[in-house]
Amino acid sequence: MSEREVLELLRENARYSAADIARMTGLEEQEVEAVVEELEGAGVVRGYQAVVDWDKLEDERVRAEVELNVRLDRETGYGDIAERLARFPQVKALRLVSGDYDFDMEVEGDSIREVSQFISEKVAPVPEITQTVTHYVMTSYKENGIELGDGEDDDRLSFSP
Amino acid sequence: MTIEPSDRVKAVPPSGIRRFFEIAEERDEVISLGVGEPDFSTPWAARDAAITSLEQGKTSYTANRGKRELRESIADYVADRFDLGYDPAEEIIVTAGASEAVDLAFRAFVDPGDTVAIAQPSYISYEPGVIFAGGEVLPVPTRKEDEFRLTVEELDAAGAADADVLVVCYPNNPTGAIMREEDLEPIADFAREHDLTVFSDEIYAELTYDGDHTSIATVDGMRERTIVFNGFSKAHAMTGLRLGYALGPADAIGAMNKIHQYAMLSAPTTAQYAALEALDSCENDVREMVDQYDRRRQFVLSRFREIGMDVFEAKGAFYCFPEVPEGFTAEEFAEDVLREQGVAVVPGDVFGVGGEGHLRISYATGLEDLREALTRIEAFVAEHA
């Protein structure tokens with residue numbers, strides 16, 4: 001199915017042009033454009049972002065994975081809490097998960113102090129939140145399916161039989 | 001004093017791609033489309049099996065013909081995928097890469113003075129293999145107008161009726177051509193009529209993009225006169241593990257084993273464990289790699305058409321075989337595009353007759369590099385053609 005194929009290719013590399021995808025799939029370029037437009041319109045494709053290896057930059061970028069436990073009451077559901085938290089620009093990802101805690105939240109800031117302050121001053125005081133456990137990211141090895149680090153040079157022979 | 005090589009060794013000229021390799025070494029930022037090996041890593045499960053076997057100290061020789069368990073897996077695999085029925089006890093031998101299997105076959109079945117017809121353009125190791133075995137090479141050209149399929153007309157014209165062995169390789173390195181059952185039947189008739197033994201290199205069988213691969217050994221009356229070569233290098237991205245195999249009638253495999261047991265003893269044990277796992281659980285990895293190659297194939301073919309270079313629609317392996325623009329020989333084009341644009345391609349001449357005027361382009365390279373390489377080739381063609 002072309003929709004699925006186009007999606008897979010966009011997930012592999014969102015910078016593939018419609019022409020690239022058309023060449024790879026055998027679709028017409030206009031068809032690819034139409035599929036992408038439809039996927040965007042339907043909210044299936046929500047945006048395009050770069051995968052960044054922050055360790056390669058001199059500027060500090062602090063990231064943390066925060067486990068959140070919440071207590072629900074009759075008026076407040078998971079969705080309400082999520083809506084409130086997701087509004088903060090420091091929150092890069094937020095997921096309701098199964099297991100020992102309820103939400104898995106990714107937070108970014110320019111310093112440990114900034115991230116700590118955000119969690120202690122903005123997140124912990126949310127009345128339904130009963131516990132936060134913060135894990136600072138020390139090194140990231142893989143993001144969005146892409147391995148980070150120096151990468152491996154292609155040391156195959158330039159020519160082989 | 002010098003240690004004098006044998007006449008057979010002296011009879012083999014240096015590899016036609018060596019010179020290009022040296023030019024490529026001098027330059028930075030070369031994008032190579034000259035590589036005949038996958039750019040994917042060996043599926044993790046296969047690597048893990050190799051590691052585990054080492055941890056468990058499984059580093060002894062195996063049976064000469066390969067681990068019985070692996071031969072059984074190979075028998076199941078080729079039956080399932082290619083409709084080939086071989087007895088794991090006597091009709092399969094596991095070798096150090098398909099290349100060893102090919103070499104064993106030349107040494108086991110070619111006597112000095114025997115003639116080996118080779119459908120060309122072809123993998124560059126067949127010809128030296130024949131010479132090392134003391135045989136004589138009879139090139140049989142295949143042509144673009146026949147989609148690089150071997151035809152009886154070409155076999156006849158080349159005098160292959162008098163040959164002893166016929167070597168075919170489909171899907172083909174370097175053209176990417178495939179053969180259908182209906183194409184193979186007349187070749188099979190020819191082989192039977194003129195009593196030719198057929199060596200069928202099917203290392204790229206999994207990399208067939210338009211329908212399924214057909215082995216010549218499945219054509220009526222061919223099983224008893226055919227040796228099939230295959231291995232794990234291409235489809236399972238295991239080039240460095242060096243593991244291949246040959247399938248054939250018990251006597252023939254026994255003859256090959258006679259050489260193998262003295263020269264190699266047994267194929268690398270660690271690689272045999274990796275191969276077992278590859279057959280057992282890596283089918284999805286293979287499918288994913290094949291899908292990727294197919295996308296790249298379509299991309300490359302489409303770009304060559306856009307650039308205005310005539311290109312044959314390759315339907316197998318991971319090569320395509322465009323024609324160089326007028327005014328160039330393949331060698332000139334390959335050398336100039338390497339020097340001026342830093343793109344390494346292989347001139348078709350090195351693959352034998354029928355390769356002249358063509359380039360072998362490998363798309364076993366990431367799409368970003370393919371895109372950049374083709375942009376550079378486009379600039380080169382725009383400037384010179």
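Q: Which residues make a nonpolar surface patch of about 260 Å²?

A: In this predicted model, the nonpolar surface patch of about 260 Å² is made by A:L72, A:Y78 and A:L96. Patches consist of residues with over 30% relative accessible area and no salt bridge; like charges are joined within 9 Å and nonpolar side chains (Val, Leu, Ile, Met, Phe, Trp, Tyr) within 5 Å. Accessible areas come from the Shrake-Rupley method with a 1.4 Å probe, and for residues only the protein chains shown count as cover. A salt bridge requires a side-chain nitrogen of Lys or Arg within 4 Å of a carboxyl oxygen of Asp or Glu.

Q: Where does A:Y78 lie, and is A:Y78 buried or partly exposed?

A: A:Y78 belongs to helix α4 (residues 78-86) of chain A; helices (H or I, at least four residues) and strands (E, at least two) are DSSP runs, numbered from the N terminus. Buried means under 20% relative accessible area, exposed over 50%, and partly exposed in between (1.4 Å probe, protein chains only). With a relative accessible area of 34%, A:Y78 is partly exposed.

Q: Which residues form a negative surface patch?

A: Lys and Arg count as positive and Asp and Glu as negative, while His and the chain ends are not counted. The place of a charge is NZ of Lys, CZ of Arg, CG of Asp or CD of Glu. Here the negative patch is formed by A:E28, A:E29, A:E31, A:E33, A:E37, A:E38 and A:E40. One of them, A:E31, is in helix α3 (residues 29-41) of chain A and is partly exposed at a relative accessible area of 40%.

Q: Which peptide bond involving B:P121 is cis?

A: Most residues other than glycine have a negative phi, and most peptide bonds are trans. In chain B, a cis bond joins B:Q120 and B:P121, with omega about 5°. B:P121 is placed in the loop between β3 (115-120) and α6 (126-132). The bond from B:N173 to B:P174 is also cis, with omega near 25°, and B:P174 lies in the loop between β5 (165-169) and α8 (181-193).

Q: What is the phi of B:D83, and where is B:D83 placed?

A: B:D83 is not a glycine, yet its phi is positive, about 60°. B:D83 sits in the loop between α4 (68-82) and β2 (92-95) of chain B and counts as exposed at 63% relative accessibility.

Terms used: Residues are numbered from 1 along each chain as its sequence is written. Chains are lettered from A and ligands numbered from 1 in the order in which they are written. This is a predicted model: local features need pLDDT of at least 70, side-chain atom pairs count only at pLDDT 80 or more; totals for chains, interfaces and linings use all residues. Side-chain values use heavy atoms; hydrogens and water are left out.
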